[in-house]
Amino acid sequence: MSNVRVRFAPSPTGGLHLGGIRTVLYNYLFAKKHGGKFVLRIEDTDQGRYVEGAEEYIMECLKWINIEPDESPANPGTYGPYRQSERKANGIYQQYAEQLIRDGHAYYAFDTPEELEAMRQLHRTDANPTPQYDHKLRKQMRNSLSLDAETTKRLLDEKTRYVVRIKMPENETVGFTDMIRGEVNFETSLIDDKVLLKADGMPTYHLAVVVDDKLMEITHAFRGEEWLPSAPVHILLWKYLFGFEHMPKWAHLPLILGPNGKLSKRDGAKYGFPVFAMNWTDPKTNELTEGFREKGFLPEAFINLLALLGWNDGSEKELFTLTELIHQFSMERVHSAGAKFDYEKARWFNHEWIKLLDADKLTKAVVPLLKAEGIETKDEDFILQVIKTVRDRCTLLPDFVTQSSFFFKAPISWDLPAVKPKWNADKEKFFHLFAEELDATPDWQSAFIEDAFKTIAALQQIKPGELQLPFRIMLVGGKFGPPVFDIAAIIGRKETIARIKSAVKAFSE
RNA sequence: GGCCCGUUCGUCUAAGGGCUAGGACACCACCCUUUCACGGUGGUGAUACGGGUUCGAAUCCCGUACGGGCUACCA
């Protein structure tokens, strides 16, 4: 199977939250697994308006998670255009809409927004809170089915604004096989006459997705479960326009849920976790939505946690590289129920990846954060060593700053309440002797430093345990970090002695 | 309201008619560690409910309840 073409069209506001990216991921994994192409169509409009910077944002997100589309605006093949904003230009949707009208599957509707609202007002009851423009009501509206041919022609000649609506059959069962859910059926009598072409000439999603998928020769179409109710419209359009034999196989992916239903952009701010891949600032409102990248997630972890939210390979394995995911992925193993997003587990994935990732790669990710804190990062060997010794205690990338800054700079302050109460002249003397001994130690290694420490402690008849905490606080400033003697070994003889001396002074004041 | 989808520990999930329903996150305890972590061992904890079918049901069927989605000239 090498002719698979899967398509995904992320939009800037809705498309790149967790659910959207997982959909991209699954599209990508499926295409790669089956040797096919992953084609990206950019939804750079929102509510019909062009969104500044959307395309760049989307492409950067995909680059971050290392998913490069085989075809996209930046990397076109022969099936473009790849931008939502280019859709209207070629007039192709208009052409298909007119074909549907000629064949009796669609019609012109001249109703103004006010008239539509009036209709809804009129028919709204408790039993029917959302009246539909459907086969029962369309006869009462102003359209080419209710109006005579002459009037229709006159309205069109007068350039009256119109939309094209699908003419839903009155009594048919429309069904299809979903790759995840199996057979799904709908009664057309209950479905409304969806708008296919808007008054401005733009297609709605319903027309666009069918026409695009055909023109792009898409074989598999995966999207969120929220699209399931409109699937019958798309099935019917395929039947009318191109025939079922060309229709892609569908899969409706389960939703990713927040604490209250479908995960929304707002949930992030509300519950303190990111919902977008990267920071996104809405150009109109200037509102910032936080991203996983900026929060300190590794792309490897992000992909991993997303893939496992609703899918597993049947074993107990939880940690997968992108390559492994491509090998193992199968749409049949995607869970059909929605998954509630658990930020704690997401953090766990990142922690695992921080422990797992190649140290050089990890260093590359951490260095910019250290730089931002004004930490000098020229000595690569030194940084690598530091990162290796602190990685186990870091969950998010910014943890590296707090966990390692003392390797680069002496502490600015010490946790005095932790030492002062038990500080005395004997201990002060010990550290004087210890500093002298360190100055003379031939080899500067963790084990030698520890030996010196214990020997002098024995000589002075102080338990080493009572001295380790003060020593740690001298080097680190607080009660955290890797083993003290390792820290001393890494920061070096001169620096260790200097920190002991300045701390002893402060402790004895 | 109508339509559609769904329902296994608090959360993500495994088990596709047959062992004491398995794992992971989180939580708790212990061990390791004279810091904080990592790690190790163990523990608490689930098949929504009611009917069928069957020798046998988490698994198949029906109903109920609950949850979610959709119901725009948004996607």
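Here are some friendly notes on the predicted model above, point by point.

1. Conventions. This is a predicted model in which local features need pLDDT of at least 70 and side-chain atom pairs count only at pLDDT 80 or more, while totals for chains, interfaces and linings use all residues. Residues are numbered from 1 along each chain as its sequence is written, chains are lettered from A and ligands numbered from 1 in the order in which they are written, and side-chain values use heavy atoms, with hydrogens and water left out.

2. The RNA surface. I would start with RNA strand B, which has 56 residues around it; a residue is near the strand if one of its heavy atoms lies within 4 Å of it. Ala127, Arg181, Lys198, Glu318 and Arg393 come nearest. By class, this surface holds 22 nonpolar, 12 polar and 22 charged residues. Here Ala, Val, Leu, Ile, Met, Phe, Trp, Tyr, Cys and Pro count as nonpolar, Asp, Glu, Lys and Arg as charged, and the others, Gly among them, as polar.

3. Which parts of the RNA are touched. Sugar or phosphate accounts for 68% of the atoms of RNA strand B within 4 Å of the protein, and bases for the rest. Arg393 instead places a polar side-chain atom 2.2 Å from a base nitrogen. A polar contact here is a pair of N or O atoms within 3.5 Å.

4. Elements facing the RNA. Helix 12 (343-356) is among the elements that supply at least two residues each, and its 5 residues are the largest share of the surface near RNA strand B. Others include helix 4 (113-123), strand 8 (182-187) and helix 19 (464-476). Helices (H or I, at least four residues) and strands (E, at least two) are DSSP runs, numbered from the N terminus.

5. The largest pocket. About 950 Å³ of space lies in it, and of its 40 lining residues Ala9, Ser11, Glu43, Tyr205 and Trp227 are closest to the centre. Strand 1 (5-8), helix 1 (18-33) and helix 6 (205-215) are among the elements giving two or more residues to the lining. The lining has 16 nonpolar, 14 polar and 10 charged residues. A pocket is an open set of points on a 1 Å grid over the protein atoms alone, where a 1.4 Å probe fits, with protein on both sides within 12 Å along at least five of seven lines; lining residues have an atom within 4 Å of a point. The volume is the space filled by probe spheres set on the points, which are joined across faces, edges and corners.

6. Strand 1. Arg5 and Arg7 point one way and Val6 and Phe8 the other, yet all are buried (under 20% relative accessible area, 1.4 Å probe, protein chains only). Strand 1 pairs in the parallel sense with strand 2 (residues 37-40) over 4 bridges, with Arg5 opposite Lys37. Pairing requires at least two DSSP bridges.

7. Helix 7. In helix 7 (residues 231-241), 10 of 11 residues are buried, including His234 and Trp238. Gly243 follows this helix with a positive phi near 90°.

8. An open sheet of 3 strands runs in the order 13-12-16 with mixed pairing. Strands 13 and 16 stand at the edges with a single partner strand each, so one side of each lacks a neighbour in the sheet.

Note on methods: A polar contact is a pair of N or O atoms within 3.5 Å; within protein, one must be able to donate a hydrogen and the other to accept it, and residues adjacent in sequence count only if both atoms are side-chain atoms. Buried means under 20% relative accessible area, exposed over 50%, partly exposed in between (1.4 Å probe, protein chains only).
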